[in-house]
Amino acid sequence: MDLRTMTQSLVTLAEDNIAFFSSQGPGETAQRLSGVFAGVREQALGLEPALGRLLGVAHLFDLDPETPANGYRSLVHTARCCLAHLLHKSRYVASNRCSIFFRTSHNLAELEAYLAALTQLRALVYYAQRLLVTNQPGVLFFEGDEGLTADFLREYVTLHKGCFYGRCLGFQFTPAIRPFLQTISIGLVSFGEHYKRNETGLSVAASSLFTSGRFAIDPELRGAEFERIIQNLDVHFWKAFWNITEMEVLSSLANMASATVRVSRLLSLPPEAFEMPLTANPTLTVTISPPLAHTGPGPVLVRLISYDLREGQDSEELSSLVKSNGQRSLELWPRPQQAPRSRSLIVHFHGGGFVAQTSKSHEPYLKSWAQELGAPIVSIDYSLAPEAPFPRALEECFFAYCWAIKHCTLLGSTGERICLAGDSAGGNLCFTVALRAAAYGVRVPDGIMAAYPATMLQPAASPSRLLSLMDPLLPLSVLSKCVSAYAGAKTEDHSNSDQKALGMMGLVRRDTALLLRDFRLGASSWLNSFLELSGRKSQKMSEPIAGLSAPLLSEPMRRSVSEAALAQPQGPLGTDSLRNLTLRDLSLRGNSETSSDTPEMSLSAETLGPSTPSDVNFLLPPEDAGEEAEAKNELSPMDRGLGVHAAFPEGFHPRRSSQGATQMPLYSSPIVKNPFMSPLLAPDSMLKSLPPVHIVACALDPMLDDSVMLARRLRNLGQPVTLRVVEDLPHGFLTLAALCRETRQAAELCVERIRLVLTPPAGPAPAPPPV
């Protein structure tokens with residue numbers, strides 16, 4: 001049914017129900033039913049033309065005609081789902097309103113809930129129109145002044161959200177997902193009560209997550225409490241809640257339903273530097289230093305998963321790296337005959353918003369991957385924010401990636417084909433690790449499979465981000481808090497009993513937060529200097545300097561600026577004096593013994609800024625830009641005049657939140673624009689270094705536009721890229737792979753994309769790269 005026909009049918013039914021209930025006398029219930037149908041008629045008539053205008057230009061933001069997906073389409077689809085439900089309910093009421101079995105109170109409550117949702121969706125559609133007329137042609141992200149962006153987001157987050165978390169929870173997703181979402185929402189608000197009242201420890205609160213009956217029988221109460229939690233509780237709460245899946249009982253239940261593998265070992269990689277050959281000239285090497293940012297050198301934990309026991313996986317050298325308390329399923333089996341080494345290796349980075357979860361949370365679907373792909377998998381347990389903000393996770397993932405390439409024979413692989421795979425935050429790390437490998441000049445993976453990745457970590461409005469108003473798994477305020485924690489923003493001070501009650505939340509105190517804030521500046525400077533260095537490195541390597549060995553050539557890259565800053569005495573202004581130092585000052589202080597011989601490290605402060613606009617081209621080709629500009633001209637004068645601060649149309653008033661001020665940090669430090677944090681903002685020269693990219697995104701994911709825009713940029717650069725968008729599933733579907741048929745099919749699509757990377761190209765097999 002097309003949009004206009006659906007709207008007309010709904011309006012006709014609403015008018016019929018209005019007439020009936022208006023004739024039932026002055027009773028309160030009849031008046032409320034009459035009023036709710038009048039509201040449905042009003043909102044549907046106001047929404048239909050706005051949705052039609054969005055549909056008229058939505059195709060201009062698709063990657064290609066075969067991939068009709070972007071935030072505008074998702075908004076229209078979500079509004080259609082709400083209209084369709086109201087149409088179904090209106091028909092039911094019209095057919096059963098005279099029956100003695102008609103549940104008046106139940107139907108009234110559901111109609112009121114969906115009317116509230118439709119009203120808020122209409123507000124989102126007007127916000128999307130503002131983005132459409134304000135942005136550059138073909139651009140999904142708002143690129144205006146940062147102050148306007150902040151104002152837009154602050155106005156947006158004042159909208160009422162509770163209606164989406166009660167009776168309407170997950171209405172936009174496939175029906176098989178909704179019971180799971182309801183269970184999670186009940187558990188979340190129950191856990192939030194324990195956190196708020198500080199009544200129990202983490203394990204007791206987790207065990208009682210699903211026992212709060214009042215939230216199960218009162219959807220409105222659950223929605224209000226859900227809204228309070230997402231707006232006001234800090235990142236430590238979300239870290240604790242998401243890590244519930246790490247509990248032994250829950251993880252054991254998940255593993256019971258997953259494939260059985262012969263090898264599942266948690267390894268601890270020693271923080272020791274090693275050499276890697278350069279791709280351009282294997283006779284030269286570069287030093288891969290252990291992670292240094294914020295906390296100094298430390299081991300990196302990785303989990304090795306293999307369906308078969310392969311050569312090298314039971315070696316003494318690998319056994320010496322096994323973490324003592326790690327899972328060792330290898331010993332539970334009789335020693336079988338070893339399978340030969342696989343030609344492939346998968347390096348996996350888990351999701352969790354950079355603040356939560358480990359490889360253990362993602363182990364169930366990784367075991368299935370190991371069975372289906374016949375390749376060992378190395379999943380990296382990188383350090384998490386806010387205890388270890390950017391760039392610690394990137395350093396650890398890159399170190400582990402290089403270690404896996406160098407020691408692939410121990411992992412049961414010959415290393416002929418290597419694929420990076422990750423979801424959400426892990427997808428971000430896939431891109432940034434590949435970019436860093438190219439910058440170092442070492443082997444770049446043969447391909448990337450990123451599921452619903454986060455590629456734009458700065459506060460930015462886009463049509464798909466508007467979906468976060470109703471997303472129970474990824475609300476905008478929660479996403480913002482996770483990004484701020486990863487960026488190293490000063491976290492909320494929770495040195496009170498709330499922290500002490502939950503052990504994992506009591507790790508960071510005020511002094512640590514201040515220390516990490518000071519480290520952040522150094523880390524940002526180091527990464528930006530690395531960009532400049534990588535641009536000059538290829539020229540230097542092509543003409544080696546006489547008398548200089550490869551390790552000396554790479555010496556400037558072996559010491560981060562943050563490490564150099566720690567060695568300096570505190571000035572009269574304290575640690576804030578670092579803000580007045582240029583990168584040249586930091587590099588000279590940190591590398592005084594080599595500064596005279598390494599002029600490439602003496603960079604000016606101008607290199608600290610983001611890429612110039614000419615380097616980052618979000619625009620469509622000229623012919624598409626002209627078509628989209630023509631479509632803009634077709635909008636009404638009122639629509640063209642809508643700015644970020646414009647009011648809604650006269651007579652329309654969306655519901656505002658009653659939960660008070662939202663604690664949503666709008667962190668706008670330049671560090672979030674760093675390409676190693678937001679790969680969507682990387683200059684063309686960096687993106688050209690990426691291997692073939694396969695992205696699997698969700699049509700209803702608030703981060704859908706991240707995937708569409710990155711795929712478009714890669715396509716315009718001539719880079720091999722595919723984008724597949726699954727319908728009616730939420731962000732994080734990989735961890736729900738065993739839940740229903742739709743999630744299993746989406747997980748199989750990810751396996752298919754990885755298989756494309758692991759399949760060698762046609763022709764004679766190339767010799768494996770030197771390690």
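Helices, strands and ring pairs

Reader: Which residues of α9 are buried?
Author: The model is predicted: local features need pLDDT of at least 70 and side-chain atom pairs count only at pLDDT 80 or more, while totals for chains, interfaces and linings use all residues. Residues are numbered from 1 along each chain as its sequence is written, and side-chain values use heavy atoms, leaving out hydrogens and water. Buried means under 20% relative accessible area, exposed over 50% and partly exposed in between (1.4 Å probe, protein chains only). The buried residues of α9 are Pro219, Arg222, Gly223, Glu225, Phe226, Glu227, Arg228, Ile229, Ile230, Gln231 and Asn232.

Reader: How many Å does helix α9 reach from its first C-alpha to its last?
Author: Helices (H or I, at least four residues) and strands (E, at least two) are DSSP runs numbered from the N terminus. α9 covers residues 219-232, 14 residues, and 11 of its 14 residues are buried. The expected span is 1.5 Å times one less than the number of residues. The value expected for α9 is 20 Å, and its reach is close to that, at 20 Å.

Reader: What percentage of the residues in the chain is buried?
Author: The chain holds 26 helices and 10 strands. Of its 771 residues, the buried share is 59%.

Reader: Which strands pair with β8?
Author: Strands pair if DSSP finds at least two bridges between them. β8 (residues 447-451) runs parallel to β7 (residues 413-423), with five bridges joining them, and Leu420 has Ile448 as its bridge partner. Four bridges hold β8 to β9 (residues 693-698), also in the parallel sense, with Val696 as the partner of Ala451. The partners are therefore, by the two-bridge criterion, β7 and β9.

Reader: Which residues of β8 point the other way from Gly447, Met449 and Ala451?
Author: In a regular strand, side chains alternate between the two faces of the sheet. In β8, five of five residues are buried, and that holds for both directions. Gly447, Met449 and Ala451 point one way, and opposite them are Ile448 and Ala450.

Reader: What is the handedness of the unit made by β7, α15 and β8?
Author: A crossover is right-handed if, with the strands pointing away from the viewer, the path from the first strand over the helix to the second runs clockwise. β7, α15 and β8 form a β-α-β unit, and its handedness is right-handed.

Reader: Why does Ala437 count as buried, and which residues is it in contact with beyond four places in sequence?
Author: Ala437, in helix α15 (residues 425-440), counts as buried because its relative accessibility is 0%. Contact means heavy atoms within 4.5 Å. Leaving aside neighbours within four places, the contacts of Ala437 are Phe398, Tyr401, Val442, Arg443 and Val444.

Reader: What is the angle between the planes of Phe398 and Tyr440?
Author: Rings of Phe, Tyr and Trp (its six-membered ring) pair if their centres lie within 6.5 Å; planes under 30 degrees apart are stacked, over 60 edge-to-face, and the rest tilted. The whole structure has 22 aromatic pairs; among them, Phe61 and Tyr72 are tilted, with 4.9 Å centre to centre and 55° between the planes. Phe61 is in the loop between α2 (28-58) and α3, and Tyr72 is in helix α3, 11 residues apart. Phe398 and Tyr440 also form a tilted pair, 4.9 Å centre to centre, with an angle of 40°.
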